[in-house]
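Biologist: I have the sequence and the model open. Could we go through the helix packing and then a few individual residues?

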Amino acid sequence: MARMTEEEAAVAGLPERGENHRWWVLAVVGLAQLMVVLDATIVNIALPSAQRDLGFTDANRQWVVTAYALAFGSLLLLGGRVADLVGRKRVFLIGLVGFSVASAIGGAAPNFGVLVTARALQGGFGALLAPAALSLLTTTFTDAKERAKAFGIYGAIAGTGGAIGLLLGGLLTEYLDWRWCLYVNLLLAVIAFIGGTRLLHAGAPANPPKLDIPGTVLVSLGLFGLVYGFSNAESHPWSTINTWGFLLAGVILLIAFAVWQSRAEHPVLPLRVVLDRNRGASFLAMFIAGAGMFGVFLFLTYYLQQSLRYSPVLTGVAFLPMVFVMILTSVTATNKLVPRFGARPIVPVGMLFGACGMVWFTALDLHSSYAANVLPPLLVLGLGMGLIFAPAMSLATAGVEPHDAGVASAMVNTSQQVGGSIGTSLLNTLATSAATAYLVGRQHTPAALAQSQLRSYSTAYWWSAGFFLFGMVVCGLLYPSGKPQIYAADENAPVHM
């Protein structure tokens with residue numbers, strides 16, 4: 001079995017000792033990833049309580065979610081490149097500390113402005129933490145079989161983190177206070193910090209790439225403009241410059257970024273990373289799944305709490321079956337299905353299941369029961385997400401050069417989080433418009449208001465189904481046929497540690 005030298009291990013940011021440490025590294029980075037992903041949804045269940053406590057409006061509530069995703073998504077590529085530049089352990093630990101401090105500020109927030117600012121800070125430090133964590137995993141597990149197991153577990157964490165956040169948010173909100181949905185990160189961060197300090201090597205890359213400052217500015221501002229434009233659409237008509245102006249500016253900046261990357265001497269996102277068919281299709285799959293999933297977590301949470309009168313804890317428990325199905329499917333997909341059939345038939349089928357689950361949700365009404373009406377589409381959705389997330393995350397980072405591992409990992413998270421941010425903002429806008437349109441010409445009675453909410457949720461589910469159907473077609477076309485190269489290699493190839 002070939003081994004990296006100590007110097008090579010330092011370059012990759014790997015632990016120095018014994019092969020069993022690889023699985024401890026998985027535990028540490030998995031915990032960090034869970035903290036980052038669950039924070040995208042843990043406040044969803046706490047939102048009604050936080051809204052009553054701090055007194056912000058329905059129109060502003062999405063900013064508690066969007067501020068996090070906006071900062072996270074727009075800074076991820078920078079975070080990934082910084083990890084490649086200064087060393088993944090260092091960036092990993094800085095991200096953990098900053099994330100926990102921002103969480104403490106948010107938990108103690110006296111008003112809406114401080115809460116949203118803290119959420120944005122969480123997103124910024126998460127943009128350092130997430131790509132460093134995934135790139136550590138990418139460079140730690142290079143053997144095809146071990147990589148499949150590791151990414152099956154890691155993909156399940158990434159895919160189910162949102163649902164776990166809903167459960168944890170329910171428990172904390174009901175038995176403690178909504179503020180503990182943010183304070184809980186302090187405990188998770190301490191555990192991950194101790195593990196990271198002991199297990200990860202402190203070395204920085206021997207020949208780090210230079211930072212592409214123009215490219216970093218272009219992509220960060222472009223992503224910000226795109227997400228901010230969609231977010232503004234709820235409170236400003238699509239025809240106003242606050243909406244289309246930011247969207248247009250975001251698109252122009254991202255086009256300029258793509259052109260610059262083809263010419264830059266040290267690009268922040270080398271085109272070799274995204275032009276590989278497996279990686280490009282995987283980035284797109286993560287984007288679409290993020291757009292469909294994160295918005296639906298928000299609407300289904302409000303449906304369960306406001307329409308069916310579930311408690312926060314019961315709402316979180318309601319998502320558990322989906323979590324179990326997603327974990328089982330993620331591990332099976334990466335260990336059995338993708339190595340045998342490739343991603344082309346697997347990920348598009350996951351998209352189809354996602355669309356079916358969303359269409360099923362549109363039948364929910366005020367008299368729906370959990371066992372007969374909510375649970376079945378949740379299970380279908382969990383099956384679909386398990387077939388998407390783990391294979392896409394594994395293939396998006398497979399075969400990437402060590403000096404590009406950070407930025408490739410950042411693209412995975414960028415795709416998922418920007419997709420989630422755009423999906424949440426767009427679906428929230430469409431849902432609000434549908435509720436307003438339903439009430440036109442009707443008296444605002446409790447029954448009419450309840451039906452308007454159902455109409456808004458149904459609109460969001462239909463659009464999410466459309467996202468998944470689009471993803472099914474595009475991923476079916478982009479993914480190449482046959483086994484991915486990493487699985488087609490000799491099973492007895494050396495394992496690098």
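**Helix packing and selected residues**

Biologist: To begin, how many helices and strands does the protein have?
Modeller: This is a predicted model. The protein in it has 19 helices and 0 strands.

Biologist: What percentage of the residues is buried?
Modeller: Of the 497 residues in the protein, 61% are buried.

Biologist: And what share of the contacts with a separation of 6 or more comes from residues 24 or more positions apart?
Modeller: Such residue pairs account for 85% of those contacts.

Biologist: Let us turn to helix pairs. At what angle do helix 5 and helix 8 pack?
Modeller: Helix 5, residues 88-107, and helix 8, residues 180-199, pack at about 165 degrees. Their axes are 8 Å apart. The two helices are therefore roughly antiparallel, as angles over 145 degrees are counted that way.

Biologist: Is the crossing of helix 5 and helix 8 left-handed or right-handed?
Modeller: The crossing of helix 5 and helix 8 is left-handed.

Biologist: Which residues meet there?
Modeller: From helix 5, the residues include Phe92, Leu93, Leu96, Phe99, Ser100 and Ser103. On the helix 8 side, Leu182, Tyr183, Leu186, Ala189 and Phe193 are among them. By class, this contact has 12 nonpolar, 7 polar and 1 charged residues.

Biologist: What about helix 9 and helix 10, how do their axes cross?
Modeller: The axes of helix 9, residues 213-232, and helix 10 come within 7 Å and cross at roughly 155 degrees. Helix 9 and helix 10 are therefore roughly antiparallel to each other, and their crossing is left-handed. The contact of helix 9 with helix 10 has 16 nonpolar, 9 polar and no charged residues.

Biologist: What span should helix 10 have, and how far apart are its end C-alpha atoms?
Modeller: Helix 10 covers residues 241-261, and at 1.5 Å a residue its 21 residues should span 30 Å. The end C-alpha atoms of helix 10 are 29 Å apart, which agrees.

Biologist: Which residues of helix 10 are buried?
Modeller: The buried residues of helix 10 are Thr243, Gly245, Leu247, Gly250, Phe257 and Gln261.

Biologist: Moving on, at what angle do helix 15 and helix 16 cross?
Modeller: Helix 15 and helix 16, the latter residues 370-397, cross at roughly 150 degrees, and their axes come within 8 Å. That makes helix 15 roughly antiparallel to helix 16. The contact of helix 15 with helix 16 has 22 nonpolar, 4 polar and no charged residues. The crossing of this pair is left-handed.

Biologist: Same check on length: what should helix 15 span?
Modeller: Helix 15 runs over residues 343-361, and its 19 residues should span 27 Å at 1.5 Å a residue. The end C-alpha atoms of helix 15 are 27 Å apart, which agrees.

Biologist: Which residues of helix 15 are buried?
Modeller: Among them are Ala343, Ile346, Val347, Pro348, Gly350, Met351, Gly354 and Phe361.

Biologist: Now some single positions. Is Gly126 buried or exposed?
Modeller: Gly126 counts as buried, at 0% relative accessibility. Gly126 lies in helix 6, residues 112-140.

Biologist: What is Gly126 in contact with, sequence neighbours aside?
Modeller: Leaving aside neighbours within four places in sequence, Gly126 is in contact with Phe72, Leu76, Phe99 and Pro131. The C-alpha atoms of Gly126 and Leu76 are separated by 8.1 Å, and these residues are 50 apart along the chain.

Biologist: Where does Phe467 lie, and what does it contact?
Modeller: Phe467 lies in helix 18. Beyond its neighbours within four places in sequence, Phe467 is in contact with Ile288, Ala291, Gly292, Leu426 and Leu427.

Biologist: Why does Phe467 count as buried?
Modeller: Phe467 counts as buried because its relative accessibility is 19%, and the cut-off is under 20%.

Biologist: And Thr459, which helix is that in?
Modeller: Thr459 is found in helix 18, residues 446-478. Thr459 is buried, with a relative accessible area of 18%. Leaving aside neighbours within four places in sequence, Thr459 is in contact with Leu430 and Ala434.

Biologist: Last one: what is phi of Arg309?
Modeller: Phi of Arg309 is near 65 degrees, a positive value in a residue other than glycine. Arg309 lies in the loop between helix 12 and helix 13. Arg309 is exposed, with a relative accessible area of 67%.

Methods. Residues are numbered from 1 along each chain as its sequence is written. This is a predicted model: local features need pLDDT of at least 70, side-chain atom pairs count only at pLDDT 80 or more; totals for chains, interfaces and linings use all residues. Side-chain values use heavy atoms; hydrogens and water are left out. Axes are lines fitted to C-alpha atoms, for helices over the stretch in contact, and angles run from 0 to 180 degrees between N-to-C directions. Helices (H or I, at least four residues) and strands (E, at least two) are DSSP runs, numbered from the N terminus. Angles under 35 degrees count as roughly parallel, over 145 as roughly antiparallel, 65 to 115 as roughly perpendicular and the rest as oblique. A crossing is left-handed if the near helix is turned anticlockwise from the far one by less than a right angle, and right-handed if clockwise. Contact means heavy atoms within 4.5 Å. Ala, Val, Leu, Ile, Met, Phe, Trp, Tyr, Cys and Pro count as nonpolar, Asp, Glu, Lys and Arg as charged, and the others, Gly among them, as polar. The expected span of a helix is 1.5 Å times one less than its number of residues. Buried means under 20% relative accessible area, exposed over 50%, partly exposed in between (1.4 Å probe, protein chains only).
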